[in-house]
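Subject: Structure handover and notes

Hello,

Here is the structure we talked about. Please look through it first; my notes follow below it.

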Amino acid sequence: MKTILFVATSMNVGGVEKALTGVLNALDPEEWDIYLDLIYPEGGFLSAVPPNVKTGCIESLNRHGYFCQHPMKGFLRYMKDGKWITGIRLMWHYALAKQRGSLNGFSRHITRNERAHDMEFDVAVSFHGPGEYLDSYVADRVRARRKIGWIHFDVSRCYIKPRSILESYSRFDSIFVVSEEGKRVFDRMFPSLAGRTEVMPNIVSRRTIERMAEEETPFNKKTGEIHIVTVGRLSDEKGQDLALEALALLREKGENVIWHFVGGGPAAEKLRGLAERLGVGNAAVFHGVTLNPYAYMRLADIYMQPSRHEGYGITIQEALTFGVPVVSTDTTGGRDQLAGVGNAILTDFTPAAIADGIIRARSMPRGPHLTADTISSSELSERLS
């Protein structure tokens, strides 16, 4: 039996985490002894992790997680708690790493006493990539015969410093990128690593999605209404504010549009306030976090992804399972996923362009459903080995 370690931030309800549950469930437990280490061992998708997976915590990154996310606030917190030496030492190493243009040195300082399970794995995967702390952790603190980085974001739009990516990923044997366009962007930015990249699409199980979609009916549709669904974390990069402004434009034009936002996140209250200020509070419905967004997709007249950047929109692929017309901003993932889809529209990143795309998609028929998973379990296992 082969051993494999996945590392990720958490199992909160999000696209990357959902993709990870797909991978974990696709691997044959008779073939793979699977470990999953998280910075924060929590989140709604923990319940979707198969029982055979051994779940653990990356203690050092968990302990200093707040400082890693908010260095100055973390420093002040250590000062307030009387942990002066710890705070000063962390800030000194952080400032030195920032000066050198890569946080990898700071990550190595934090994790200097940590070794993953004191064993050598056949495969180790930094799944939540690119991410400086986890990538560096796999590169420096995990012993494995083969190391893999898994890219889920458009590296030209993410906040990770290029030097950090180059340092960690040059020590990985393979670099999986979730879309063709994402691979082209990565190869262009890091030509010295281009020989290690390959496209690895997220697993989308049609059978599972269609089964779950029949479990509930989350809203009722009245004659003359146009129901739009957007699934995703409520945050700036996902662009729900653009969608709300587009909704206001559509309502001003007399379009009887109801827009359903499925998901939670740090921008939830801000977005609800924006909906009220725009006068669309009754037409924008915030459903919160759910592990089963598929019933919403099944009932949608249009699925819309307003992201400002997206490496691979797994929710787009899921919506296509139902053949629903899809409108997406012209992100790396959207461009790649919707190429050749007859009932799909790409728009610019403005409310007016999104509103226009919705109007054009309104008359589009439902298209053919996905007929297979994007990648089989056997192919996944072979490519990981």
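The side chains of Arg211 and Glu215 form a salt bridge, with an N to O distance of 3.4 Å. This is a predicted model, so that distance, like the others below, is a computed one. Glu215 is exposed, its relative accessible area being 51%.

A second pair is Arg298 with Glu214, whose closest N and O atoms lie 3.8 Å apart. This pair links distant parts of the chain: Arg298 is in helix α13 (residues 294-299), Glu214 is in the loop between α10 (206-213) and β8 (226-231), and 84 residues separate them. Arg298 is partly exposed at 22% relative accessibility, whereas Glu214 is exposed at 57%. Salt bridges with shared partners also join Glu181, Arg184, Asp330 and Arg335 into one network.

The count of salt bridges comes to 23. One of them is between Glu198 and Arg383, where the closest N and O atoms are 3.0 Å apart. Arg383 has a relative accessible area of 18%; the cut-off for buried is under 20%, so Arg383 counts as buried. Glu198, at 24%, counts as partly exposed.

Next, the sheet to which β7 belongs. Seven strands form an open sheet in the order β3-β2-β1-β4-β5-β6-β7, and their pairing is parallel. β3 (54-57) and β7 are the edge strands, each pairing on one side only. Ignoring direction, neighbouring strands of this sheet are turned by 25° against each other on average. Within the sheet, β5 (residues 143-151) and β6 (residues 174-177) pair in the parallel sense over four bridges. Ile148 stands opposite Ser174 in β6. Helix α17 packs on the sheet and touches β1 (2-8), β2 (32-38), β4 (120-129), β5, β6 and β7. The direction of α17 makes about 125° with that of β5.

Helix α12 (residues 268-277) has the buried residues Ala268, Leu271, Leu274 and Ala275. Seen down the axis of α12, these buried residues fall within an arc of 125°, so they line one face of the helix. The face turned away from the buried side carries the exposed residues Glu269, Lys270, Glu276 and Arg277. What do the buried residues of α12 pack against? Their partners are α11 (240-252) and β10 (284-288). Just after α12, Gly279 takes a positive phi of about 75°.

Is Ser328 buried or exposed? Ser328 is buried, with a relative accessible area of 1%. Setting aside neighbours within four places in sequence, Ser328 is in contact with Met304, Gln305, Ile316, Gly334, Leu338, Ile345, Leu346 and Thr347.

Regards

Note on methods. Residues are numbered from 1 along each chain as its sequence is written. This is a predicted model: local features need pLDDT of at least 70, side-chain atom pairs count only at pLDDT 80 or more; totals for chains, interfaces and linings use all residues. Side-chain values use heavy atoms; hydrogens and water are left out. Buried means under 20% relative accessible area, exposed over 50%, partly exposed in between (1.4 Å probe, protein chains only). Helices (H or I, at least four residues) and strands (E, at least two) are DSSP runs, numbered from the N terminus. The arc is that of the directions from the helix axis to the C-beta atoms. Contact means heavy atoms within 4.5 Å. A salt bridge is a side-chain nitrogen of Lys or Arg within 4 Å of a carboxyl oxygen of Asp or Glu. Two strands pair if DSSP finds at least two bridges between them. Axes are lines fitted to C-alpha atoms, for helices over the stretch in contact, and angles run from 0 to 180 degrees between N-to-C directions.
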